[in-house]
Amino acid sequence: MLSDIEIAQAATLSPITDIARRLGLSASDLHLHGQHMAKLTQSTVNQLRTQPVRAKLILMTAINPTPAGEGKTTTTVGLTDALNLAGYKALACLREPSLGPVFGMKGGATGGGYAQVVPMENINLHFTGDFHAISAANNLLAALVDNHIYHGNALQFDHVSWRRCMDMNDRALRRITINQPYAYDTGFDITVASEVMAIFCLATDLADLTRRLGRMQVGQSTKGEPIFASDLQAESAMTALLKDAFQPNLVQTLQGSPALLHGGPFANIAHGCNSLVATQTALRLADYVVTEAGFGADLGAEKFMDIKCRQSGLRPDMAVVVATIRALKYHGGVEVADLNTENLQALSVGMANLKKHVDNMRQHFGLPVLVALNHFTHDTEAEVALLQSAVESWESSLHVCRHWAQGGKGALDLAHAVANLAQQTANPTLLYQDDLSLTDKLHAIARSLYGAKDVTFSAQAEQQLEAMAEASRGLPVCVAKTQYSLSSDAKLRNVPVGHTLHVRELRLSRGAGFVVAVCGDIMTMPGLPKQPASQRITVDPSGRIIGLS
């Protein structure tokens with residue numbers, strides 16, 4: 001079997017102008033980045049905003065990820081291809097990959113097999129430069145803060161809270177000391193965890209982007225008052241750096257389906273959704289928009305609903321929860337080396353993780369739900385039948401998908417089921433009310449979605465809770481925790497009971513409009529594994545990239 005990059009490199013791609021034409025767009029609506037990538041012009045985006053929404057919005061989410069892999073992005077692409085193959089007009093909305101996982105453990109984020117967005121190498125590496133622009137804007141603000149202090153500190157900074165960022169896993173930069181002219185401790189976050197990234201993905205237009213950037217808090221004065229980016233007159237220059245990046249990116253799947261890739265906050269340490277401007281644009285260009293929310297439904301889908309939908313008024317028409325038999329057996333206690341062996345008992349136990357996510361999406365967010373089984377060759381008929389029976393007993397339906405090997409035709413059954421269910425009236429709801437306290441919101445998430453018995457706070461978090469009580473009023477919570485468990489402990493598989501969500505730190509993101517609750521041992525600057533993916537990547541004499549996954 002060819003590798004993902006070999007499949008992508010062997011494909012014959014359509015000119016991006018042809019892909020745009022299928023959406024009713026012309027060459028004048030595009031800023032071309034070569035033959036196969038383009039940005040929609042700002043004037044086109046602005047014009048589309050005046051048109052009514054026409055599409056059904058399909059939210060793609062998943063069970064808690066495992067080392068076995070689930071294939072949520074692959075299924076998003078496969079479903080989009082299948083919908084188009086079945087005669088519907090569909091468009092995928094995805095996040096852009098970060099260089100951190102590309103060179104780290106996870107690898108790229110363009111799908112897999114015959115369900116990929118392409119050109120794969122460009123998208124996984126520099127793409128159109130959006131993340132570099134976001135890093136530059138973030139670090140311009142950091143430089144302006146230090147420059148202000150150097151030239152006399154007229155704003156009377158007593159504490160600097162703004163951190164630098166870079167789009168790379170580099171644990172050595174988690175904590176650094178600035179020494180000009182006064183020493184203070186700070187550090188780097190990965191770009192996808194930065195508040196600038198969150199703002200970029202939640203802003204409705206350039207004016208809103210500028211307003212949000214201006215209200216970011218960068219420190220505190222000697223009088224205990226917040227100091228904002230606008231106090232340094234930083235927001236307009238930051239917007240200038242982000243202006244071109246703010247235009248959504250148009251690419252295609254291997255089968256020629258259009259896809260908008262824009263923004264890329266991680267779901268375990270940020271809010272995990274592609275940009276609002278891309279989603280709103282897509283809803284006016286197609287009949288079905290398939291969008292993914294990062295990692296499991298406890299993270300990405302919750303934040304899609306409680307942050308992105310809360311702020312924008314968006315509401316999905318339904319959800320698809322992706323699972324694999326291999327991953328469910330892992331949640332049932334089987335180790336990775338034995339996942340290809342039939343094990344009905346472990347599967348039966350591990351299905352509880354899937355049921356929890358299905359129940360959460362239906363009971364707490366009011367969404368109709370389908371289950372997509374991303375099929376692997378070692379899945380046995382008995383295992384599939386057992387899972388099918390269980391899902392039907394939950395009053396849902398399971399759809400076996402083979403898009404990885406077959407492209408869109410391998411997900412036609414799912415496509416027809418999605419098109420049918422999306423026509424039914426849904427009553428989407430949010431998990432908690434705006435006027436609850438920060439503590440009550442955390443309890444609602446932890447108890448309802450994670451099955452936790454309690455939420456505890458470190459001494460630092462207790463102080464922060466008190467200090468930001470007024471400023472955080474009405475804001476949603478963005479929980480930063482491990483993706484591998486419903487709890488904040490990555491070792492607890494399946495559906496742990498009796499656990500406690502421990503909040504280590506709270507960060508007020510005024511511009512993004514939420515509070516980040518850092519839980520367990522999660523880091524906002526990840527590190528590289530012992531054998532990073534970068535070791536497999538090389539370039540041949542013709543300039544062809546090899547080993548990217």
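This is a predicted model: local features need pLDDT of at least 70, side-chain atom pairs count only at pLDDT 80 or more; totals for chains, interfaces and linings use all residues.
**Exercise 1. Describe the open sheet of four strands: what is its strand order, and which strands form its edges?**

Solution. The order of the four strands in this open sheet is β20-β22-β23-β21, and their pairing is mixed. The edges are taken by β20 and by β21 (477-480), each of which pairs on one side only. From one strand to the next, the twist averages 40°.

As a next step, consider the pair β20 and β22, which run parallel and are joined by four bridges; within this pair, valine 455 stands opposite leucine 501 in β22. Helix α12 (residues 297-312) packs on it by touching β21 and β23 (514-519), and the direction of α12 makes about 165° with that of β21. Helix α18 packs on the sheet as well, touching β20, β21, β22 and β23, with its direction at about 135° to that of β20.

**Exercise 2. Determine where the buried residues of helix α19 (residues 459-467) lie around its axis, and what covers them.**

Solution. Begin with the cut-off, by which a residue is buried under 20% relative accessible area and exposed over 50%. In α19, Ala461, Gln464 and Leu465 are buried. Seen down the axis of α19, these buried residues fall within an arc of 105°, so they line one face of the helix. This can be set beside a general rule: an α-helix has 3.6 residues a turn, so residues three or four places apart point the same way. The face turned away from the buried side of α19 carries the exposed residues Ala459, Gln463, Glu466 and Ala467. The cover over the buried residues of α19 includes α18 (438-449), β20 (454-457) and β22 (500-509).

**Exercise 3. Work out the arrangement of the open sheet of three strands, and find which helix packs on it.**

Solution. The strands of this open sheet follow the order β7-β12-β13, with antiparallel pairing, and its edge strands are β7 (157-160) and β13, each pairing on one side only. Neighbouring strands are turned by 40° against each other on average when direction is ignored. Strand β12 (residues 217-221) pairs with β13 in the antiparallel sense over three bridges, and glutamine 220 has proline 226 in β13 as its bridge partner. Helix α7 (residues 130-150) packs on the sheet, where it touches β7 and β12, and its direction makes about 155° with that of β7.

**Exercise 4. Is alanine 229 buried or exposed, and which residues does it touch?**

Solution. Alanine 229 is located in the loop between β13 (226-228) and α10 (235-242). Because its relative accessibility is 0%, alanine 229 counts as buried. If residues up to four places away in sequence are not counted, alanine 229 touches Leu141, Leu213, Gly214, Met216, Val218, Ala234 and Glu235.

**Exercise 5. Characterise the packing of helix α14 (residues 344-364) against helix α15 (residues 381-393).**

Solution. The two helices pack at an angle of about 35°, and their axes are 10 Å apart; α14 passes α15 in a right-handed crossing. From α14, the residues Leu344, Leu347, Ser348, Met351 and Leu354 meet Ala382, Glu383, Leu386, Leu387, Ala390 and Val391 of α15. Sorted by class, the contact of α14 with α15 comprises nine nonpolar residues, one polar and one charged.

Notes. Residues are numbered from 1 along each chain as its sequence is written. Side-chain values use heavy atoms; hydrogens and water are left out. Axes are lines fitted to C-alpha atoms, for helices over the stretch in contact, and angles run from 0 to 180 degrees between N-to-C directions. A crossing is left-handed if the near helix is turned anticlockwise from the far one by less than a right angle, and right-handed if clockwise. Contact means heavy atoms within 4.5 Å. Ala, Val, Leu, Ile, Met, Phe, Trp, Tyr, Cys and Pro count as nonpolar, Asp, Glu, Lys and Arg as charged, and the others, Gly among them, as polar. Buried means under 20% relative accessible area, exposed over 50%, partly exposed in between (1.4 Å probe, protein chains only). The arc is that of the directions from the helix axis to the C-beta atoms. Two strands pair if DSSP finds at least two bridges between them.
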